[in-house]
Amino acid sequence: MESQELIPHLFRTEYRKITAVLSKTFGLEHIEIAQDIASDTFLQASEMWGIKGVPDNPVAWLYTVARNKTLDYLRRDKLFKEKVRGQVVRDSSAGKEVSLDLSSQNITDSQLQMMFAICHPALPIESQIGLALNVLCGFGINEIASAFLTSKETINKRLYRAREKLRAEQVKMEFPAEADIESRLEAVLKTLYLLFNEGYYSAGKDVTLRKDVCIEAMWLTKMLTENPGTDRPPVNALLALMCFHASRFEARTNTQGETVLYEDQDDSLWDATLISRGEYYLNRASVGRQLSRYHLEAAIGYWHTIKADTPEKWEHILQYYNELLILEYSPIAALNRTYALAKARSKREAIREAEKLNLGEIHLYHSLLGELYLGIDDGKALECFKTALSLAKSRADRQLLEGKIGRLYGQK
Amino acid sequence: MNDFLFVFRNDPSVMADMSPEELQTSMQKWMDWIGGIAAQGKLVDRGNRLANEGNVIRPGKVITDGPYIETKESVGGFIMVRAETLSEASEMAKGCPILLAGGNVEVRPIIRM
């Protein structure tokens, strides 16, 4: 790989490792310093490698530079040195050495601890997601702003406040106590789930970036399955669910970047490898008695990977949506349940249920109602799609609805 | 919004006489009905089913078998829902599959202490 391709790749994989190890060493209250040193390391890499070529072992090179930059930093900042010196610098016969523990065990532990720290329940959820994107996934301010469809200033402020909150709450980089692990892990899973959804459903135009967000969320979840302390059924269920969703990544956007709805997708584009990975993790999730929302969503995801469009398939999906809603209400689940009801039973039954939903402010509600009325009362369907269009915000949603309205006019 | 308790009463022998297929169908109807309430965001507590056996403790600490000595009807379970009015809650209860099996639903507003 040439350095211009290699550096972004290494940035994704190594930035979080260097940041996590340094934050662990300095203490999480100094996370900015850790991030600065990690960023500087990559800046130097892009300067040097462009001129001198890529070193034989780029990762080792990055770690050495990070180590030297840490030592430089300690030399410059006396006050900081007093605080953290004992943990970093040791005097040896050969002079002063920086002892950064960059063993793979410490790298893994530090990353996991960073995950728990960032997903601390004291932090507002959007701060958690922002920090996760920035610190754990190595996304820059520009990328995060583009993923969230917001300005750089907003993201900068959000990250600043999030780091302040970490300090105020004195969040430490450590594994939660055994008694707390279940509830802390739940918070981590929620953030990873939302992180994945941010990539999967966001209205952002940059498809590659959105896919990267999903891949990073999956990578972090996979890391939890690889650690005995966190390899629990809901974690595996979440990863299964992500695999099933991600299997449709290629099929759900056309060459013009427009959204392709599930029923219109070319199922030969569904990724069989990801589907079988999903099945593997769903099996691993199916131990013990705990039935989390991720189990139910993974089961729904699994049935969506079945190509044959049978009432049996939709009956399964309907029953899992029933369970999911009984466990925890969400408007999207309510709409999806109604769609499944139409497929498993009849459109008329689904219309009756849809009318009770009280979700008139959401454009998706009117899109769904329009779908249900198609073939029963096309005039009413047209009305629904128009209402949906007046409420839809994203370009992709508007394109989809304009297409539907256009086709209905075409038939007249 | 107010909370309401739905108390389900039926003859316990009705369920005992069901074939596995009938049980399956009945289960599905219940899930559809409760799922429909949950889809409106109006399910407060999914409640539980109650076992047929039980004791009733009466004054003088007399314990008698079973809650249902005078009648064949027994409380089989409960859920809690949210609605504006008693009549809205009662409207929701009309969809309960127990009505198809000869049972009934008692709808009671909950008074928060």
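Predicted model: local features only at pLDDT ≥ 70, side-chain atom pairs only at ≥ 80, totals over all residues.
Q: Okay. Which residue in strand 5 of chain B stands opposite Asn10(B)?
A: That's Ser74(B).

Q: Zooming out a bit, how many helices and strands has chain B got?
A: Three helices and six strands. Going along the sequence, the pattern of chain B reads β-α-α-β-β-β-β-α-β. As for its dimensions, the C-alpha trace of chain B spans about 45 × 45 × 20 Å along its principal axes.

Q: What about strand 3 and strand 4 of chain B, how many bridges join them?
A: Four bridges, between strand 3 (residues 55-58) and strand 4 (residues 62-65) of chain B, and they run antiparallel. One pair there is Arg58(B) with its bridge partner Val62(B) in strand 4 of chain B.

Q: How many residues sit between the strands in that hairpin?
A: Three, and in this hairpin of chain B Gly60(B) takes a positive phi near 85 degrees.

Q: Switching topic: how many residues does each chain bring to the contact between A and B?
A: Chain A brings 13 residues and chain B brings eleven. On the chain A side, helix 14 (311-327) and helix 15 (331-344) each supply at least two residues. Helix 14 of chain A gives the most, with five.

Q: What classes of residue are on that side of chain A?
A: Six nonpolar, four polar and three charged residues make up the side of chain A that touches chain B.

Q: Now chain A itself. At what angle do helix 11 and helix 12 pack?
A: Helix 11 (residues 233-246) and helix 12 (residues 272-285) of chain A pack at about 160 degrees, with their axes 8 Å apart. That angle is why helix 11 of chain A counts as roughly antiparallel to helix 12 of chain A.

Q: Is their crossing left-handed or right-handed?
A: The crossing of helix 11 and helix 12 of chain A is left-handed.

Q: Which residues meet there?
A: From helix 11 of chain A they include Leu239(A), Cys243(A) and Phe244(A), and from helix 12 of chain A they include Ile275(A), Tyr281(A) and Leu282(A). By class, the residues of this contact between helix 11 and helix 12 of chain A are twelve nonpolar, two polar and two charged.

Q: Last one: what domains is chain A divided into?
A: Domain 1 (1-102), domain 2 (107-201) and domain 3 (359-412). In chain A, 16 residues of domain 1 are in contact with 15 residues of domain 2. Helix 1 of chain A gives the most to the domain 1 side of that contact, with ten residues.

Conventions:
Residues numbered from 1 in each chain as written. Chains lettered and ligands numbered in written order. Contact = placed C-beta atoms within 7 Å. Nonpolar A, V, L, I, M, F, W, Y, C, P; charged D, E, K, R; others polar. Axes fitted to C-alpha atoms, helices over the stretch in contact; angles between N-to-C directions. Parallel < 35°, antiparallel > 145°, perpendicular 65-115°, else oblique. Left-handed = near helix turned anticlockwise from the far one by under 90°. Domains from an automatic or database assignment. Pairing = 2+ DSSP bridges.
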